[in-house]
Amino acid sequence: MAGSLAFDEYGRPFIIIRDQERKSRLTGIEAHKSHILAAKTVAGVLKSSLGPKGLDKMMVGPDGDVTITNDGATILKQMDVDHQIAKLMVQLSQSQDDEIGDGTTGVVVLAGALLEHAEKLLDRGIHPIRIADGYEMAAKVAFEHLSTISETFKTDPKNKEPLIQLAMTTLGSKIVNRCHRQMAEIAVDAILAVADFDKKDVNFELIKVEGKVGGKMEDTMLVKGVIVDKDFSHPQMPKEVKDAKIAILTCPFEPPKPKTKHGLEIKSVEDYHKLREYEVKKFDTMVQQVKDAGANLVICQWGFDDEANHLLLQRKLPAVRWVGGPEIELIAIATGGRIVPRFEELTKEKLGKAGIVRELDFGTTKDKMLVIEKCANSKAVTIFIRGGNKMIIEEGKRSIHDALCVIRNLVSDDRIVYGGGAPEISCSLAVAEAANKVSTLEQYAMRSFAEALESIPLALAENSGSSPIHTLADIKSRQLKEKNPRLGIDCLFKDTNDMKDQHVIETLSSKRAQIMLAVQLTKMILKIDDVRGGERMQGYPGMM
């Protein structure tokens, strides 16, 4: 029987249903082991895509969409993950992506290593709270040590070379590294065009990234203006407008209609002609109002009637229709114009100004795009990416986004550390030394933290085809002997381990965020010792 009958104090019957056996529950060390296994599995997936020699992953979506990337956040976002702890790892990489924009793979690998080392401590009988406290103490030591080994990096708009080296470090592991320097220069130029150095801020809304399939990746360019994926509304309109005075409209070129439902009866030919004349007169008035304001180009959010389109051509007024809301806003910012909701409100002062508006053609395809250049407000820029197929363009967009984020971080905080696993090795040595001065049980957790930090240089060496343990042992001993925290893994085999000579640069804010986010997640997972769930939890100790 599924349940048993019982009575309350008023004699009313109720049934007690036994469904406990259908529930699953994990407690104590079993729960910890299950969580750690899930985190290790996710970190293991990403480990091989870390660094400049990291491998790419191909994800096939449910409807057959293919994504090829080695961006940690993108890989995890597209993975179909069921396990709750694995979902937390996905959110971890997402928060690193939102906060910093780069280092999404490293943060997951570090969190996986911290939990893996915590498992050994749990097996030795150390309480999870003591491990979490030890990790917190170690993170503080690492945090302070990063500040001591960091260097100030002056961002000077006149000297772009250091910024380009920084962007090249970020792009080194991406698919775009075939035109490595060109992409880095584009990213730097875009940031410098829109950055406010007084406020130490970069408004990303002023940087638009567009892509078009076809051409080579080397054809990627930076446009000091706006690119719109539209063409002129009539094929006989001029393909180029110089000294454009742009009317930016959100009202359609259509005869006015009542807002409510309405019926219009036409009982005679005269009525029809009157209606026709009324429409023509309205169109004429609309076009004349635009001409009177001094505009020589119309950009409209809505469509045109064919009659209006023909009239615009007759009056030599080039026009573009169906331009989306975000693009309209960007055009208004770039050209210094105002978005006008009614024809009656259009004045000369509200027009946007641009040096040239021209149509771009692409090879043998009939695709066309409009470029608005030499704008009144040169702060709005567009990065226009070309590539052989859609996947390359999408990966190009992600790579450029990472590079833009890293340069933005440097504008807001000008301190850097050197990459190649050097800061992790240096922090590992500092934490191990600090652990010897701690008399309580937390010293074991601090030593584990130091070992977990080494997972990053180990993965870098492994992905580069070197012997990971030998390489790491050599660099660690050299860092101690030479007291040089810049020594890291020579992934590109340039015969020097000094990352300053190799120009492998990372922002301090990125490294700090990686350590803090990884430790916070690890502490949270270690504090969970009881998991209850319904039938969906079957196979929970396993994985996705």
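What share of the contacts in the chain between residues at least 6 apart in sequence join residues at least 24 apart? It's 73%, with contact taken as heavy atoms within 4.5 Å. Some notes on the rest follow.

1. **Ground rules.** This is a predicted model, where local features need pLDDT of at least 70, side-chain atom pairs count only at pLDDT 80 or more, and totals for chains, interfaces and linings use all residues. Residue numbers start from 1 along each chain as its sequence is written, and side-chain values use heavy atoms, with hydrogens and water left out.

2. **Overall dimensions.** The chain has a radius of gyration of 31 Å, whereas a compact globule of 544 residues would come in near 24 Å. That radius is taken over C-alpha atoms, and the globule rule is 2.2 Å times the number of residues to the power 0.38. Along the principal axes, the C-alpha atoms fill a box of roughly 95 × 85 × 40 Å.

3. **Secondary structure.** You'll find 17 helices and 21 strands in the chain. These are DSSP runs numbered from the N terminus: helices are H or I with at least four residues, strands are E with at least two.

4. **Surface and burial.** Of the 544 residues, 50% count as buried. Buried here is under 20% relative accessible area, exposed is over 50%, and partly exposed is in between (1.4 Å probe, protein chains only).

5. **Charges.** The chain has 75 positive and 78 negative charges, and their mean positions are 2 Å apart. Lys and Arg count as positive, Asp and Glu as negative, while His and the chain ends are not counted. Each charge is placed at NZ of Lys, CZ of Arg, CG of Asp or CD of Glu.

6. **The tryptophan pair.** The structure holds 2 aromatic pairs. In one of them, Trp302 and Trp322 have ring centres 6.5 Å apart and planes at 80°, so the pair is edge-to-face. Rings of Phe, Tyr and Trp (its six-membered ring) pair if their centres lie within 6.5 Å; planes under 30 degrees apart are stacked, over 60 edge-to-face, and the rest tilted. The partners are 20 residues apart and link distant parts of the chain: Trp302 is in the loop between strand E13 (297–300) and helix H9 (306–314), Trp322 in the loop between strand E14 (319–320) and helix H10 (325–335). Trp302 is partly exposed at 40% relative accessible area.

7. **Two positive phi values.** Trp322 also turns up here, with a positive phi near 55° in a residue other than glycine. Lys316 isn't a glycine either, and its phi is positive at about 55°. Lys316 is in the loop between H9 and E14 and counts as exposed at 70% relative accessibility.

8. **Helix H6.** This helix (residues 161–171) is largely enclosed by the rest of the structure, because 8 of its 11 residues are buried. Among them are Leu163, Ile164 and Leu166. The cover over the buried residues includes helix H7 (180–194), helix H11 (390–412) and strand E20 (505–507). Ala167, in H6, is buried at 0% relative accessibility. Leaving aside neighbours within four places in sequence, Ala167 is in contact with Ala184, Val188 and Ile407. Its C-alpha is 7.4 Å from that of Ala187, 20 residues away in sequence.

9. Ile525 sits in helix H17 (residues 508–526) and is buried at 1% relative accessibility. Between Ile525 and His32 there are 493 residues of sequence separation but 7.9 Å in space, C-alpha to C-alpha. Apart from neighbours within four places in sequence, the contacts of Ile525 are His32, His35, Ile85, Leu88 and Leu115.

10. Asn296 lies in the loop between helix H8 (269–292) and E13, partly exposed at 24% relative accessibility. Not counting residues up to four places away in sequence, Asn296 touches several residues, including Val241, Asp243, Leu317 and Pro318. Ile17, in strand E2 (residues 13–17), is exposed, with a relative accessible area of 57%.
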